[in-house]
Amino acid sequence: MSDAAHAHEAHGHHAQPTGIMRWLTTTNHKDIGTLYLFFSLIMLFAAGSMALMIRAELFQPGMQLTHPDFFNQLTTMHGLIMIFGVIMPAFSGFANWQVPLMLGAPDMAFPRMNNWAFWILPVAGILLMVSFLLPGGAVAGGWTMYPPLFIQGGISYDLTILAVHIMGLSSIMGSINIITTILNMRAPGLTLMKMPLFCWTWLITAYLLIATMPVLAGAVTMLLTDRNFGTHFFNAAGGGDPVMFQHIFWFFAHPEVYILILPAFGIVSQIIPTFARKPLFGYASMVYATASIAILSFIVWAHHMFTVGMPVAGQLFFMFSTMLIAVPTGVKVFNWVATMWRGSLTFETPMLFAIAFVCLFTIGGFSGLVLAIAPVDIQLHDTYYVVAHFHYVLVSGALFSIFAGIYYWLPKWTGHMYDETLGKWHFWLSVIGMNIVFFPMHFLGLAGMPRRIPDYALQFTEFNQIATVGAFIFGFSQLIFLAVVLKAIRGGARASARVWEGAEGLEWTVPSPAPYHTFEVAPVLK
Amino acid sequence: MKSIGQAGTGALALGASQAVLADYAYNLQTPASQVAADVFQLHNLIMLVCLGIFVVVFGAMFYSLIKHRKSVGHKAAHFHENTTVEIIWTVIPFVILVGMAYPAAKVVIDMKDTSDPDMTVKITGYQWKWGYDYLNDGISFTSSLSTPRAQIEGKAAKGEHYLLEVDEPMVVPVGKRVRLLITANDVIHSWWVPALGAKQDAIPGFIRDSWFKADKIGTYRGQCVELCGKDHGFMPIVVEVVSEDDYRAWVAQKQGAAQAAAADGARAFEVAELVERGEKVYLANCAACHQADGRGLPGAFPAISGSPVATGPLAGHIEVVLNGRPGTAMAAFGGQLSDADIAAVVTYQRNAWNNKMGDLAQPAEIAAARGGAAEAAAPAAQ
């Protein structure tokens, strides 16, 4: 980063604070991207430790390490933090670093709002983490926050509502910034349909965020007033309806699922062409498929609620609409495979993670298709099958794409090549560990093990033990990732401007590390 | 479901392999009802289709990963679109999905048809047990986990049905259409018995219905599957499917027990008698939160030993047990326990641990505290 600071002075801007004040007051998109990514990394280890505590308790039947209530706190906070504190901030970090670089823009459209969007996040993170220390402990009602259970909890439930509000506000500010930047600040000649796919996926994601975050804010505000001010939105005894919360929540949370995966599609769509040394196959159909997925995401929410007791027509509608999502998702997978087809492939760590993403995300897609079939979903709803499904999508999907993206752009950000040997160790241990954790969970769900239970019947023992072993392999492999990142920041082989032989796009035309200010004069497209 | 068997290409293999797969730990539980069997078939069909697609797509990908490597000297081609191919791989998945949607829709319609039941049972979810009301035979009871705490805490060897055993199973006759009316008393629960193919959320304030018809005599086990608080993992479901004769005998026995329990409400008890009975009621209903030693869990569940309620005026104590504390996990037990049981548990709480009050509550006082609606509100004791 010191190189970046020198580059900055060379440009002769106003003197800038140093130390902690530099990071608190920064409006530079690269600084803010770095902050998002470090915040996400810290939260990854916090929420990952909770996952390991969960898996340790589940290593054998009986209660050994935790109390059932504390176990529920762990599962709830693991979910909330992984979604709002790890995956979403990481994608925001990528957007901050890469969107201006890819578009040839000097910075984000609203730099000061960008600073705010980041700096309120740690406040939300602290509210969530501190709640473990409060009377009654952290939130234990599940990340889905279903009333009336959520109404029963103590003070930490109110803090969590506040934290969700803050995180939603941060996402909305970030999204406004990204949309405005993409629509207004592209280099001359860079039309929307020439834009890198990562920008397209984030543009669509930002619209999803703006459309759904206020819905979540409304839902949790109603919880807040039900809890504290005597309203009965979700209390049947007062004329309310607990199921109404689920409708509102999933109207937010299904698009949220795509918020967590569309930027991943974007990252992978940048990486595969680079290492196949061949342009992305079906660029236009990729854009249309992304948009179709986003639009469909608004009409499928009740597939999370097949067991609440819907009319036949409702079940059929939500089953058919959900199955339809397989079509554009399939198009994406076919396009990635076609991009690799007859390329000139090399397998550096970013490419390995991208290939694992395509394979394993598709397994999550298939289990999603199984769950879309309403009668099968009714059998498998709220079992470990669902846990397996969404971890295939969010770990080998979202998280692996983040790893891929970090390895891919780290040389551009730091100016140093990462350690390829360590990177490969990280990849293989992660991909093997991840499958050992989550694949057996399909069998647990099929055999009838409910999710969110701290103790289980004896027939579930073997698969739980396998999963726990895998979890510790997977969890501790992430220390290698930490080492690779820190090592690349401190030094290493110097990276060229283009970094990768097959890399295309404006971000590879600036030196590595990218200077503190780039594209102060708009680039001319060839 | 014959049509599904004929629809898919893999269906022939399916029919033969189902019996083998069914007892295997890698698939859904052995179905014991037509709906569960339909779901089982549907799942196998979809898995085969997914497996086929997976092999084709990733076969192509791995072929490419091996043959089109730079290290073997492969030069990159430069094609990047092909409208025909793109249309084909949009249309083919769509057609496959339609093929899946048709049999699935038939099962949906079948599952939702709760008409013409032979009998109806109302099921109520409580934190953390299940209540069963047989609307045709006038039987009511609650069903809680019977696994001893010692097994859970690792102080005793775990039994064969660890965590999947209850004190009072639901009993139904074989081959009868049983309609379930499912609701909850406090938070959302979900009633699920995998082998019977019936799962329905239990939602407070609303009654939803489901149904099953068990094909075989046997014991079928399930669990609550909607997170409902601390002891969500400890409220199993056991359904005993018995012959029609055995069912009639069970009904007669339960009805006799209910009459005996009703008689309890009318007589007066001694302190010692109530304390002894109250300890059992306490362990079954209160100890999950307030703990067997009455000390509660600081910050989450208050202590009863030395609490102002249990050492204060009797009327206030009865009021809390009957009506609960709205907005907290403290349930209203007035609708769950008989007058005699509430009198017993209140007396126990006032005389156990450090609470040496020496007084007692009689069933008649509980009936009076209910405000005249005693007969209507109090279900029969277990």
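## Strand β5 and its two partners in chain B

In this predicted model, strand β5(B) is joined by 5 bridges to strand β8 (residues 208-212) of chain B, and the two run antiparallel; helices (H or I, at least four residues) and strands (E, at least two) are DSSP runs, numbered from the N terminus, and two strands pair if DSSP finds at least two bridges between them. Within this pairing, B:Arg179 has B:Trp211 in β8(B) as its bridge partner. Strand β1 (residues 119-126) of chain B is joined to β5(B) by 7 bridges, and these two strands run parallel, with B:Val121 standing opposite B:Leu180 in β5(B). Strand β5 (residues 178-184) of chain B is mostly covered, 5 of its 7 residues being buried; a residue is buried if 20 or more other C-beta atoms lie within 10 Å of its own, exposed if 12 or fewer, and partly exposed in between, with C-beta atoms placed from the backbone.

Residues are numbered from 1 along each chain as its sequence is written, while chains are lettered from A and ligands numbered from 1 in the order in which they are written. As this is a predicted model, local features need pLDDT of at least 70 and side-chain atom pairs count only at pLDDT 80 or more, whereas totals for chains, interfaces and linings use all residues.

## The surroundings of B:Trp211

B:Trp211 is found in strand β8 of chain B and is buried, with 23 other C-beta atoms within 10 Å. Leaving aside its neighbours within four places in sequence, B:Trp211 is in contact with B:Thr114, B:Pro117, B:Arg177, B:Val178, B:Arg179, B:Leu180 and B:Ala198, where two residues are in contact if their C-beta atoms, placed from the backbone, lie within 7 Å. B:Trp211 and B:Val35 are separated by 176 residues in sequence but by 9.5 Å in space, C-alpha to C-alpha.

Strand β2 (residues 129-134) of chain B is mostly covered, since 5 of its 6 residues are buried.

β2(B) also pairs in the antiparallel sense with strand β3 (residues 139-143) of chain B, over 5 bridges, and B:Asp133 stands opposite B:Ser140 in β3(B). These two strands form a hairpin with 4 residues between them, and B:Gly138 in the turn has a positive phi of about 65°.

Strand β6 (residues 189-193) of chain B pairs with β9(B) in the antiparallel sense over 2 bridges, and B:Trp191 stands opposite B:Cys224 in β9(B).

## Chain B as a whole

The secondary structure of chain B comes to 12 helices and 10 strands. The radius of gyration of chain B, taken over C-alpha atoms, is 28 Å, well over the 21 Å that the globule rule (2.2 Å times the number of residues to the power 0.38) gives for 382 residues, so chain B is more spread out than a compact globule. Along its principal axes the C-alpha trace spans about 90 × 50 × 40 Å, and 43% of the 382 residues of chain B count as buried.

## The contact between the chains

The contact takes 81 residues from chain B and 78 residues from chain A. On the side of chain B that touches chain A, the elements that give two or more residues are α3 (34-67), α4 (83-111), β7 (198-202) and β9 (218-224) of chain B. The residues of this side divide into 43 nonpolar, 22 polar and 16 charged, where Ala, Val, Leu, Ile, Met, Phe, Trp, Tyr, Cys and Pro count as nonpolar, Asp, Glu, Lys and Arg as charged, and the others, Gly among them, as polar.
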